[in-house]
Amino acid sequence: MNSRSATVLAGLAGVRGWQEDLYRDLHEHPELSHQEHRTAGIVAKRLRATGFSVHAGIGGTGVVGVLRGGDGPTVLLRADMDALPIREATGLPYASTGTASDAAGDEVPVMHACGHDVHVACLLGAAQLLADAVEHWNGTLIALFQPAEEVGDGARAMVDDRLGELFPTVDVALGQHVLPAPAGVVGTRSGPVLSAADSMRIIVHGRGGHGSMPQATVDPVVLAAMIVVRLQTVISRETVPGEPAVLTVGRIAAGTKSNVIADHAVLELNVRTYSEATRTAILDAIRRIVVAECQASRSPKDPEFELFDRFPLTANDSDATARVAAAFVGYFGERSVVLPMQTASEDFSDIPTALGVPYTYWGFGGIDPDVYRRAELAGRVSEDVPVNHSAVFAPVIQPTLDTKTEALVVAALAWL
Ligand code: ZN
Ligand code: ZN
C-alpha cells in the first residue's frame, strides 16, 4: 500500500460517523434533476467548513470546491447529485417518502435509485480527508458536484456557465458510479466504458382520408412500418460485426380510428454506440432511410427529425486509467478488477471533453457481498440483485461508502 494513501486514509474512522449520517439524510431527501437545492446547500456548506473556496450555483445548482495544496497537478473529482421520479420500495428506515413537481409540472415520487447520494457523501468524505492531510500532497484538488445527470444536461450546463474559468488547468478528471456488483470491489477499464446514447423523434407525413379510399391518401402507418423494418438493417448490414451497437424503435404512434387514415406518424427511437464513427454512421443511416422511405411512399412533406436525451460516449484515457488501476491494485489488491463494458450512459465526459483534458471513469459495487454471493451461487443474480433505477436499489452502507471514499483518495493521490 502507498504510504501516503495510508496516512491520508488514517482519518477515515473520524469521517465515517458524519458521512453515514449524511448519506442517510441525502437518501431520505432526494431531489429531481435541476432541483438539487437542498443537496447543493449541504455540499457548499461542508466544503466551506473544510477549507475549500466554493463556487455555488454553477449551471443552476452545481457546486465547485477548489483546494490549493501547493504547486503540483490539478485533479478534478466529480459527483452527481440528482435523483429519479420513482416511488421507493426498499422499506429502509431512511427511505424517501416525498414527492416533487417534475419538469412538466406533474407531482411525482422521488428516490435516490441511482446511488448519487453515495457519490455525494463519498466525495465530501474524500474532500475532508484530503483537506485534513494537505501537508501530505501537492497540487490543486477540485471537488465538482453536478446537477441533472439523469437527464443528460447537467454537466453541459456547468460547462456553459464558465466552468473552465473557476480553476487552474486540469490535469485529469475522475468520475465514478455505484453499480450492482459486490460492495468493496472497484473496477477500471481503458477505452470505451459507457455507451453514447441518442434518442430521435421522427415525424413522417402522409395525406389523411377515409379508410375505404386509400387511393386518395398517403398512409403514414404503412410508411412508418416500412421504416421500422428497414431500420433493422442498419445494425445487421451497415455496422462493423463485433462492435456493439443498439437501435431500438421504442415508440410508434399514428391515427385515431380504424377507418381513418392518419395524416402523420411519430416514431421515437434510441441508439447506443461505443465509437463516434459508428454513432455518426448510424444517425446518418437513419435519416437516409427515413427520407428514402418517405419518397417511396409519395409523402407530401419532408420528414422532421429531433434529437433528444443525448449522452456522450465515455471512453477512458488509457494512461489515466493505467495510473488509477495501478494505484487501486496497490491499495485494494484483488478487490480491484477490470470493469466490463457497460450499456448505460453518462454525461460526465462532457466536462473533461470541454476542458480538453484526459479522464477516467470507474465503477464500484454497492450490493451486500453476502447477498451477491448467495445470488451468484443460486444462479439468480439478475433476479435477486437490484439494479440502478429500480425501486428497491439501495446500496449497503458499508463497505460501499468506505470503498468509494478510499478509491477517490487513492486515485487523487496518484497525481497529487
Ligand atoms: Zn441513473
Ligand atoms: Zn447514476
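## Zinc site

In this predicted model, the zinc ion (ligand 1) lies 3.0 Å from the zinc ion (ligand 2), and Cys114 coordinates both. Cys114 sits in the loop between strand 5 (107–109) and helix 4 (116–132), and Glu150 in the loop between strand 6 (140–146) and helix 5 (154–160), so the pair ties together parts that are 36 residues apart in sequence. Helices (H or I, at least four residues) and strands (E, at least two) are DSSP runs, numbered from the N terminus.

Ligand 1 is coordinated by Cys114 (SG), Glu150 (OE), Glu150 (OE) and His389 (NE2), at 2.0 to 2.6 Å. Donors are N, O and S atoms within 2.8 Å of the metal (3.2 Å for Na, K and Ca); water is not among the atoms, so sites may look incomplete. Cys114 counts as buried because its relative accessibility is 7%, and Glu150 counts as buried at 15%. Buried means under 20% relative accessible area, exposed over 50%, partly exposed in between (1.4 Å probe, protein chains only).

## Second largest pocket

Glu150 also belongs to the lining of the second largest pocket, as do His34, Asp102 and Val151, among others. That lining divides into 7 nonpolar, 3 polar and 2 charged residues. Ala, Val, Leu, Ile, Met, Phe, Trp, Tyr, Cys and Pro count as nonpolar, Asp, Glu, Lys and Arg as charged, and the others, Gly among them, as polar.

## Basis of the model

Residues are numbered from 1 along each chain as its sequence is written, while chains are lettered from A and ligands numbered from 1 in the order in which they are written. The model is predicted: local features need pLDDT of at least 70, side-chain atom pairs count only at pLDDT 80 or more, and totals for chains, interfaces and linings use all residues, while side-chain values use heavy atoms, with hydrogens and water left out.

Note on methods:
On a 1 Å grid over the protein atoms alone, a cavity is a set of points where a 1.4 Å probe fits but cannot get out, and a pocket is an open set with protein on both sides within 12 Å along at least five of seven lines; lining residues have an atom within 4 Å of a point.
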